[in-house]
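Open the model in your viewer and keep the selection panel at hand. This tour goes stop by stop.

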Protein chains: 2
Amino acid sequence: MAKEKITPRSDDFSQWYIDVVLQSQLADYAPVRGCMVIRPLGYALWENMQRALDSMFKETGHQNAYFPLMIPESFLKKEAEHVEGFAPECAVVTHGGGKELDEPLVLRPTSETVIWDMYRRWIESHRDLPILINQWANVVRWEMRTRLFLRTTEFLWQEGHTAHATEPEAREETMRMLEVYRTFAEEWMAMPVTPGRKTENEKFAGALETYSIEAMMQDGRALQAGTSHHLGQNFAKAFDVTFQDDSGKRDYVWATSWGVSTRLIGGLIMTHSDDDGLIVPPKLAPTHLVMVPIWRSDEQKSTVLEAANRILDDWKLKNPTCRFHLDDRDQFKPGFKYNEWEVKGACMRAELGPKDIENQQTVLVRRDKREKSDKMFVPLSEAPTRIGAELDAMQHDLFAAAKARQEERTTVVDDYEEFKTLLEEKGGFFMVHWDGDGETEKRMQEETKATIRCIPLGRTPEKGKCMITGKESKGRVIAAKAY
Amino acid sequence: MAKEKITPRSDDFSQWYIDVVLQSQLADYAPVRGCMVIRPLGYALWENMQRALDSMFKETGHQNAYFPLMIPESFLKKEAEHVEGFAPECAVVTHGGGKELDEPLVLRPTSETVIWDMYRRWIESHRDLPILINQWANVVRWEMRTRLFLRTTEFLWQEGHTAHATEPEAREETMRMLEVYRTFAEEWMAMPVTPGRKTENEKFAGALETYSIEAMMQDGRALQAGTSHHLGQNFAKAFDVTFQDDSGKRDYVWATSWGVSTRLIGGLIMTHSDDDGLIVPPKLAPTHLVMVPIWRSDEQKSTVLEAANRILDDWKLKNPTCRFHLDDRDQFKPGFKYNEWEVKGACMRAELGPKDIENQQTVLVRRDKREKSDKMFVPLSEAPTRIGAELDAMQHDLFAAAKARQEERTTVVDDYEEFKTLLEEKGGFFMVHWDGDGETEKRMQEETKATIRCIPLGRTPEKGKCMITGKESKGRVIAAKAY
């Protein structure tokens with residue numbers, strides 16, 4: 001309802017973000033520490049994201065299933081790195097049905113353990129492979145510092161868990177799903193990303209290799225927006241999952257897992273929104289066009305509302321994929337409605353008053369541009385086509401603007417002192433040489449708060465010297481401060 | 001994979017049910033007591049049910065949202081009846097992030113409390129009403145005796161939670177959603193149900209009135225398949241949720257809640273399936289038609305597979321809503337495949353061998369009938385239309401068969417001794433006079449294990465004498481043993 005002003009980005013980016021989330025009514029704080037309530041607008045956005053991702057998963061041969069929320073504590077301990085990574089973040093159920101449990105149950109922070117326990121029962125021979133399963137679920141990680149969508153104690157996500165007969169198949173799956181995430185981020189969210197491999201320090205607890213897509217937010221910080229893990233045979237060994245190949249030999253099964261979460265909504269906000277509120281790329285927007293009727297008398301009101309309904313019915317027929325809404329509320333003035341729908345990120349509005357009806361025209365205003373130029377006075381008959389074209393253009397423009405910003409704020413740097421200065425003054429991504437040593441990485445993080453975001457896929461091989469130690473490097477990595 | 005034989009219904013109905021669930025791979029037992037894993041076939045069924053219900057919810061003006069899984073224990077205690085009903089079933093989180101929590105958190109057994117805590121913050125004036133929200137989520141209830149789908153410690157469901165300015169609006173919403181459930185059960189699940197009001201003993205903990213739809217399973221037992229609650233102002237009072245009406249007066253908000261769960265899958269199985277496995281009504285079936293190609297040599301194989309692919313492509317084009325599958329697996333014989341798809345409930349199969357291709361025909365076999373009559377040799381060109389017609393007929397036939405069974409096993413009875421005898425010998429639903437007293441109801445339950453399922457909506461008023469006490473009754477109620 002935009003009762004309060006949104007803090008400008010230039011004043012305080014973090015506060016701007018929270019203001020946008022709360023005032024657009026995407027989400028609210030829950031009564032439980034670190035948890036959130038996803039309100040109808042936020043959930044409608046999540047549903048649109050789910051629908052697009054889910055069909056991409058199904059097109060690549062995956063099926064959905066559902067595994068239990070509660071996992072025996074002992075399961076986590078079966079994979080050494082995994083328990084080390086996740087045990088400190090677990091929420092633990094100790095009582096059920098009024099009694100203390102024999103063994104505590106943890107709420108899934110991720111489901112590898114319980115899923116591989118089931119895979120042991122389901123996999124006997126190579127004929128049972130591959131298993132290509134995805135799950136849409138809630139997960140719980142006890143986070144110290146939380147922020148709506150970006151880091152919450154409970155969040156919604158999808159987690160793919162696949163089982164393969166060979167290492168190359170598992171590797172191929174890992175890269176296939178990373179590419180699905182890249183496509184979704186860029187083509188649906190209009191959010192440019194860099195796919196790459198995470199360093200040893202940053203990889204998933206229990207993985208052989210972790211890959212991610214990294215996006216740049218408007219404040220120059222990086223956001224890890226999706227991960228795909230090559231798990232090797234680690235979980236198969238921990239849960240004793242073997243299969244018989246066609247020569248009768250037994251071997252451990254190869255695994256991958258991959259996920260994206262409601263965190264993406266935070267990424268979407270910080271990529272596109274502005275000081276007036278939410279901006280959503282049309283492909284994911286719950287509302288494409290709001291028609292705001294304008295009247296000054298009861299007589300005008302009935303004429304305008306009658307016309308507005310008739311016109312919208314016609315537009316819906318001519319542009320059936322477009323999500324229209326008529327804001328016919330009595331108690332608010334048009335200016336208030338414009339403002340509210342700007343905060344809530346409707347892609348366009350159409351203004352319709354008595355004069356417009358006389359002239360058989362409407363005024364279209366795009367959320368991302370907002371200019372009311374002559375060009376936007378559109379004859380009613382042309383409007384459905386024009387709206388479709390503007391939505392396409394908006395999707396394209398949002399990506400182009402984000403891409404330009406990302407390029408403008410990506411800096412090649414070789415000197416550590418210069419890096420430190422630019423990191424504070426300019427921010428963004430830095431293409432730097434690194435010697436590949438985890439200790440060097442930790443030192444950089446301690447001294448600058450920046451981390452190595454990823455080793456970009458398909459980077460140009462370029463011999464150089466690590467900007468910190470001067471040791472040899474085979475190519476540049478991305479260093480940045482991150483969410 | 002149907003490795004083992006399914007126990008016939010006549011031998012042991014309970015075992016038959018478990019056999020069907022496990023062998024069709026709808027679900028499996030999880031490593032945690034009372035929990036289940038919903039396997040891809042079961043989840044695909046759930047997704048189809050969700051899609052149909054979700055669009056009915058949206059057509060009636062509801063929006064989806066998401067509230068937190070963990071609820072402060074103190075919230076439950078704010079509504080006296082609610083805590084009495086649900087506290088004994090709660091799973092309790094006592095530790096998070098390695099520390100003991102100040103206040104334990106319960107995993108939601110249902111979300112009234114946390115949702116009404118949020119509604120207090122969102123509702124100020126009558127302009128904020130109604131709120132029409134639904135949530136798709138997992139819930140946890142610590143059940144003593146569990147059974148796959150029918151009663152599990154964790155299950156998936158939807159829960160609608162609405163807030164209204166007046167009592168009549170809340171009542172209207174309660175009845176509207178009951179009717180949505182009736183429509184879904186009968187038109188999608190092909191499962192006839194009786195909508196009615198629950199007795200005081202059986203109503204939801206915290207409700208003013210509970211309504212349900214009751215279905216009859218093949219063994220004559222009742223299954224409560226969905227509930228809609230008129231909550232009155234109970235939760236508004238417990239959570240202090242008031243609103244200002246247009247005259248400036250403050251009043252408590254009126255509430256409803258309503259839900260169906262993965263239990264419906266159990267109901268669907270026990271309504272339609274047979275001794276050979278799963279039968280699913282076409283409107284919800286993950287697979288409508290499986291084509292099984294037949295070959296005896298490698299040469300035949302390539303001809304048949306090439307033709308099968310070509311024919312299916314043509315059918316998909318001509319019948320785009322039909323979900324086709326080609327079972328081209330090498331390692332299994334046609335007879336094995338027929339059997340497997342019968343266990344897994346594909347609605348139809350099409351057999352295609354070299355002779356069929358020569359004669360430009362196929363053999364269609366419906367899962368519910370299975371006869372291979374002359375009528376089912378169908379010219380390829382006519383097949384797409386014929387398949388559509390058979391699926392429509394199957395949807396209709398399944399409902400008609402269930403309806404006939406329900407009518408045949410519904411008995412009007414006035415004598416308590418006769419009731420007891422018939423309950424054991426014949427089972428099913430009994431239309432009986434009851435004096436409306438909770439004590440009488442309890443006595444019946446103790447003596448016969450039958451319960452009053454509901455007071456049917458729109459029953460014919462009929463004065464009579466309670467079959468147990470002889471006291472006055474205004475009309476008949478349904479008594480039956482139930483799941």
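Start with the salt bridges: the structure holds 79 of them over all chains. A salt bridge here is a side-chain nitrogen of Lys or Arg within 4 Å of a carboxyl oxygen of Asp or Glu. This is a predicted model, where local features need pLDDT of at least 70 and side-chain atom pairs count only at pLDDT 80 or more, while totals for chains, interfaces and linings use all residues; side-chain values use heavy atoms, without hydrogens and water. Residues are numbered from 1 along each chain as its sequence is written, and chains are lettered from A and ligands numbered from 1 in the order in which they are written.

**Salt bridges within a chain**

Select R171(B) and E167(B). Their closest N and O atoms are 3.0 Å apart, in a salt bridge. Both sit in helix α6 (residues 167–188) of chain B, four residues apart, so about one helical turn separates them. Helices (H or I, at least four residues) and strands (E, at least two) are DSSP runs, numbered from the N terminus. R171(B) is partly exposed at 30% relative accessibility, and E167(B) is partly exposed at 23%. Buried means under 20% relative accessible area, exposed over 50%, and partly exposed in between (1.4 Å probe, protein chains only).

Next, select E214(B) and K198(B). This salt bridge spans 2.7 Å, N to O. E214(B) lies in strand β10 (residues 209–216) of chain B and K198(B) in the loop between β9 (193–197) and β10, so the pair ties together parts 16 residues apart in sequence. Buried or exposed? E214(B) is buried, at 0% relative accessible area. K198(B) is buried too, at 2%.

**Where chain A meets chain B**

Now show both chains. In contact (heavy atoms within 4.5 Å) are 56 residues of chain A and 56 residues of chain B. The two chains bury about 4400 Å² between them, 64% of it on carbon and sulfur atoms. Buried area is the accessible area (1.4 Å probe) that two parts lose on being put together, summed over both. Pick out P31(A), Y66(A) and M70(A): in chain A they lose the most area to chain B, together 14% of what that side buries.

How many salt bridges are there between chain A and chain B? The count is two. Select E47(B) and K58(A), whose side chains meet in a salt bridge at 3.2 Å, N to O.

Last stop: strand β5 (residues 91–96) of chain A. With six residues, β5(A) gives the most to the side of chain A that touches chain B. β5(A) pairs with strand β5 (residues 91–96) of chain B in the antiparallel sense, over five bridges. Pairing needs at least two bridges found by DSSP between two strands. Zoom in on A91(A), which stands opposite G96(B) in β5(B).
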